[in-house]
Amino acid sequence: MTTLSKTPGVRLARGMVLAALSLSAATLAWSHGDVVPQSVDTTTLPQLGTKWLDANPYSKGPAHKEALRIGTSAYNQNCARCHGLEAISGGMSPDLRKLDADCMGLADAAKKDMCFAEMSEFFAGTVRRGRVRDGRVYMPPFENILTQEAIWAIKTYLETRREP
Ligand code: HEC
């Protein structure tokens, strides 16, 4: 060991190089399709408060357009890596275009609405808690990453991707 390396300045510099190296290693790992979850700016949407709603408030009405804009980008940043671009699954994760498929065919309007409400609750619950089975994380929980507004915005996007 040289006397030089004992000076604090050099040790600091070496520490920085190590930090930079591990940072780029992390970046490399993420670039293999593993994208860091992104929080989403939802301040332009009507705010929903802390109590979770049981149906998508942006499905219809004046906020639909903005919710669709935000939801499309939030889906691409947080879900597409597993559920596929444009929600077309490559087969490893469920195809989210089919999420409301069982409801679509119902003729009775009241039953159909009830079915959509159940699916919405299931959707929000799944996204908030993720999917962990036997200690394996199949899907990470998004509870503290995405706001309620962001999760319903993603649902709004997925509703435009439903299979006819
Ligand atoms: C790391 C991969 C991954 C990410 C990221 C991911 N999911 Fe999933 N998701 C899965 C897998 C795998 C399943 C099925 C889990 C199982 O078999 O229990 C699933 C299940 C679901 C389900 C239930 C579907 C059904 O038919 O049972 C919904 C809804 C869902 N994901 C929505 C989303 C949304 C919305 C996002 C983005 C906010 C997202 N997921 C991000 C992998 C992922």
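Biologist: Which residues does Trp152 touch, not counting residues up to four places away in sequence?

Modeller: Trp152 touches Asn56, Pro57, Tyr58 and Ala67. Two residues are in contact if their C-beta atoms, placed from the backbone, lie within 7 Å. This is a predicted model, in which local features need pLDDT of at least 70 and side-chain atom pairs count only at pLDDT 80 or more, while totals for chains, interfaces and linings use all residues. Residues are numbered from 1 along each chain as its sequence is written.

Biologist: Why is Trp152 called buried?

Modeller: A residue is buried if 20 or more other C-beta atoms lie within 10 Å of its own, exposed if 12 or fewer, and partly exposed in between. Trp152 has 29 C-beta neighbours inside 10 Å, and therefore counts as buried. Its place is in helix α6. Trp152 and Ser120 are 32 residues apart in sequence, and their C-alpha atoms are 8.8 Å apart in space.

Biologist: How many helices and strands does the protein chain have, and what makes a run of residues one or the other?

Modeller: Helices (H or I, at least four residues) and strands (E, at least two) are DSSP runs, numbered from the N terminus. The protein chain has six helices and two strands, and its pattern along the sequence is α-α-α-α-α-β-β-α. Of the 164 residues in the protein chain, 21% are buried.

Biologist: How do you know what span to expect of α2?

Modeller: The expected span of a helix is 1.5 Å times one less than its number of residues. The 15 residues of α2 should therefore span 21 Å, and its end C-alpha atoms are 20 Å apart, which agrees. In α5 (residues 109–129), 21 residues reach 30 Å from the first C-alpha to the last, close to the 30 Å expected.

Biologist: Which residues of α2 are buried, and what puts them on the same side of the helix?

Modeller: Ala67, Ile70, Gly71, Ala74, Tyr75 and Asn78 are buried in α2. They cover an arc of only 140 degrees around the axis, so they lie on the same side of α2. The arc is that of the directions from the helix axis to the C-beta atoms. The buried residues of α2 pack against α3 (80–83) and α6.

Biologist: Which residues of α5 are buried, and which are exposed on the face turned away from them?

Modeller: Ser120, Ala124 and Val127 are buried in α5. Seen down the axis of α5, the buried residues fall within an arc of 70 degrees, so they line one face of the helix. The face turned away from the buried side of α5 carries the exposed residues Lys111, Phe122 and Gly125. What covers the buried residues of α5 includes α6 (148–160).

Biologist: What makes a set of residues a nonpolar core?

Modeller: The set must consist of buried Ala, Val, Leu, Ile, Met, Phe, Trp, Tyr and Cys residues joined through C-beta atoms within 7 Å. The largest such core has 22 residues, and those with the most contacts inside it are Ile70, Ala74, Ala150, Ile151, Ala153 and Ile154. The elements that give two or more residues to this core are α2 (64–78), α5 and α6. α6 gives the most, with seven residues.

Biologist: How many bridges join β1 to β2, and why may the two strands be said to pair?

Modeller: Two strands pair if DSSP finds at least two bridges between them. Three bridges join strand β1 (residues 131–133) to strand β2 (residues 136–139), which run antiparallel. One of these links joins Arg131 to Met139 in β2.

Biologist: Why is Asp134 called exposed?

Modeller: Asp134 has 5 C-beta neighbours inside 10 Å, and therefore counts as exposed. Asp134 is found in the loop between β1 and β2. Its phi is near 50 degrees, a positive value in a residue other than glycine. Most residues other than glycine have a negative phi.

Biologist: Where in the protein chain is confidence lowest, and where is it highest?

Modeller: pLDDT is the predictor's confidence in each residue, from 0 to 100. The mean pLDDT of the protein chain is 84, and 79% of its residues reach 70 or more. Confidence is lowest in helix α1 (residues 8–31), at a mean of 47, and highest in α6, at 98. Over residues 20–33 the pLDDT is below 50. Where pLDDT is low, the predicted coordinates should not be read in detail.
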